[in-house]
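The following paragraphs lead through a structure one element at a time. Please keep the sequence and the coordinates at hand while reading.

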Amino acid sequence: MSEIDALKVQLESLQSEALAAFAAAENPAALQQLRVHYLGKKGALTEVLKGVGRLPPEARPVIGQYVNDTKAVLAGALERGEAELAVRAKAIRIQAERIDITLPGRKAAAGGLHPVQQGLDEMTEIFSQMGFAIAEGPEIEDEFHNFDALNIPPEHPARAMHDTFFIKDMLNEAGTEPMLLRTHTSPVQIRAMKRFLSESGEPPLAVVAPGRVYRCDYDVTHSPMFHQVEVFKVDRNVSMAHLKGVLRHFLSAYFEKDVGIRLRPHYFPFTEPSAEVDISCVFCASKGCRICKGSGWIEVLGSGMIHPNVLRAVGIDSSEFSGFAFGLGVERLVMLKQGIPDLRLFFENDVRFLRKMGGTR
Ligand SMILES: [Zn+2]
């Protein structure tokens with residue numbers, strides 16, 4: 001084979017090798033590297049040109065033309081390759097930025113009421129419909145309203161049982177007694193009766209007082225902060241029968257079924273007589289189950305006739321007026337109604353629990 005033919009073969013194989021490499025290049029940077037490799041100053045084509053010098057002078061223009069043609073073919077291929085890559089890159093970008101306007105929109109997450117707040121609202125609403133006025137009182141109380149006025153004198157053992165949080169270095173306005181976090185909503189009884197009497201002189205009055213209370217206690221069934229609803233009514237001739245009627249109406253309305261109630265004699269310092277109130281088990285229709293411990297009854301609250309000493313503490317004549325009062329644990333009733341097994345679920349605020357309990361406003 002003549003030298004000129006050998007060069008032609010070399011150029012042809014170089015050209016097909018280069019074209020294959022250009023076609024396989026996946027991005028502009030790779031293509032740029034190939035351009036340098038084949039067409040650069042120290043590239044493969046330049047190497048071939050070096051061989052031209054060894055050719056006889058008359059053969060040089062022929063092979064020179066051949067080299068130029070190869071160069072033109074490769075340059076053209078590179079240009080097309082670059083254009084193609086640019087088109088492909090644009091298509092990829094457009095695909096990535098594509099917005100599917102047929103997709104349904106995302107729902108805005110709506111907040112919901114905490115199950116305890118739902119319970120408080122429901123309970124308050126039932127009493128409100130029965131004509132009870134809603135009252136609130138301070139969570140930081142003095143000993144007088146939390147204990148003394150409720151017939152719990154300083155030496156009374158009930159004080160110790162309340163596991164009270166006292167507030168360090170904080171005294172009442174007179175500077176005579178320490179302040180505390182109220183251990184029950186009963187002090188609102190005292191405050192509401194005093195306020196009511198100063199406004200309208202004398203009973204009747206019927207009040208529902210929902211709110212937070214605090215006790216230094218924590219386990220499966222106790223939380224240091226929980227909620228109570230205090231309900232009381234004072235008028236002439238108020239009796240246990242009224243108490244029982246209001247309880248039965250309330251509990252049946254709250255549990256949305258006709259629940260039986262049972263009053264068991266008990267002792268509370270601020271009521272006389274006092275009774276603990278059981279409802280017929282809402283889980284087993286009183287047949288006996290794990291939750292009612294086989295008895296068919298579940299204890300739900302404490303109640304009684306307001307102790308004459310409590311009426312006296314706010315200046316109501318206990319020989320003329322009488323009243324009933326009861327306080328119920330909000331968490332306990334919500335747990336019974338919703339079948340919630342553990343009190344702590346209310347305070348851990350696991351979003352899955354809260355979502356399950358629903359209650360969007
Ligand atoms: Zn039961």
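Strand S3 (residues 166-171) and strand S4 (residues 178-181) run antiparallel and are joined by 2 bridges. Strands here are DSSP runs of E with at least two residues, helices are runs of H or I with at least four, and both are numbered from the N terminus. Two strands pair if DSSP finds at least two bridges between them. This is a predicted model, in which local features need pLDDT of at least 70 and side-chain atom pairs count only at pLDDT 80 or more, while totals for chains, interfaces and linings use all residues. Residues are numbered from 1 along each chain as its sequence is written, and side-chain values use heavy atoms, with hydrogens and water left out.

Within this pair, Leu171 stands opposite Pro178 of S4. S3 and S4 form a hairpin with 6 residues between them, and Gly175 in the turn has a positive phi of about 75 degrees. Is S3 buried or in the open? The number of buried residues among its 6 is 0, so S3 lies largely in the open. Buried means under 20% relative accessible area, exposed means over 50%, and partly exposed lies in between (1.4 Å probe, protein chains only).

The chain as a whole is divided into domain 1 (3-96) and domain 2 (115-356), with bounds that come from an automatic or database domain assignment. The centres of the two domains, taken over C-alpha atoms, are separated by 93 Å.

Helix H3 (residues 44-52) has Ala44, Leu45, Val48, Gly51 and Val52 as its buried residues. These cover an arc of only 115 degrees around the axis, which puts them on the same side of H3; the arc is that of the directions from the helix axis to the C-beta atoms. The packing partners of the buried residues of H3 are helix H1 (3-24), helix H2 (28-39) and helix H4 (60-96), where contact means heavy atoms within 4.5 Å.

Next comes a sheet. Its 7 strands form an open sheet in the order S1-S5-S6-S10-S9-S8-S7, with mixed pairing. Strand S1 (133-134) and strand S7 (261-268) are the edge strands, each pairing on one side only. S7 is joined to S8 by 7 bridges, and the two run antiparallel. They form a hairpin with 2 residues between them, and His266 stands opposite Ser274 in S8.

Strand S8 (residues 271-280) has 8 of its 10 residues buried, so it is largely enclosed by the rest of the structure.

Which residues hold the zinc ion? Its protein donors are the SG atoms of Cys281, Cys284, Cys289 and Cys292, lying 2.2 to 2.3 Å from the ion. Donors are N, O and S atoms within 2.8 Å of the metal (3.2 Å for Na, K and Ca); water is not among the atoms, so sites may look incomplete. Along the chain the donors follow the spacing C-x2-C-x4-C-x2-C. The 4 donor atoms subtend angles of 103 to 113 degrees around the zinc ion, which makes the arrangement tetrahedral; four donors count as tetrahedral if all angles lie between 85 and 135 degrees. Cys284 is buried, with a relative accessible area of 12%.

Some backbone details remain. Most residues other than glycine have a negative phi, and most peptide bonds are trans. Lys293, in the loop between S8 and S9, has a positive phi of about 55 degrees although it is not a glycine. At 75% relative accessibility, Lys293 counts as exposed. Asn349 likewise has a positive phi of about 55 degrees without being a glycine; it lies in the loop between helix H12 (345-348) and helix H13 (351-356). Asn349 counts as partly exposed, at 37% relative accessibility.

A cis peptide bond joins Pro203 and Pro204, with omega about 15 degrees. Pro204 is in the loop between helix H8 (187-200) and strand S5 (205-214). Another cis peptide bond joins Glu272 and Pro273, with omega about -5 degrees, and Pro273 lies in strand S8.

Notes: Four donors count as tetrahedral if all angles lie between 85 and 135 degrees; four count as square planar and six as octahedral if opposite donors are over 155 degrees apart and all others between 65 and 115; anything else is irregular.
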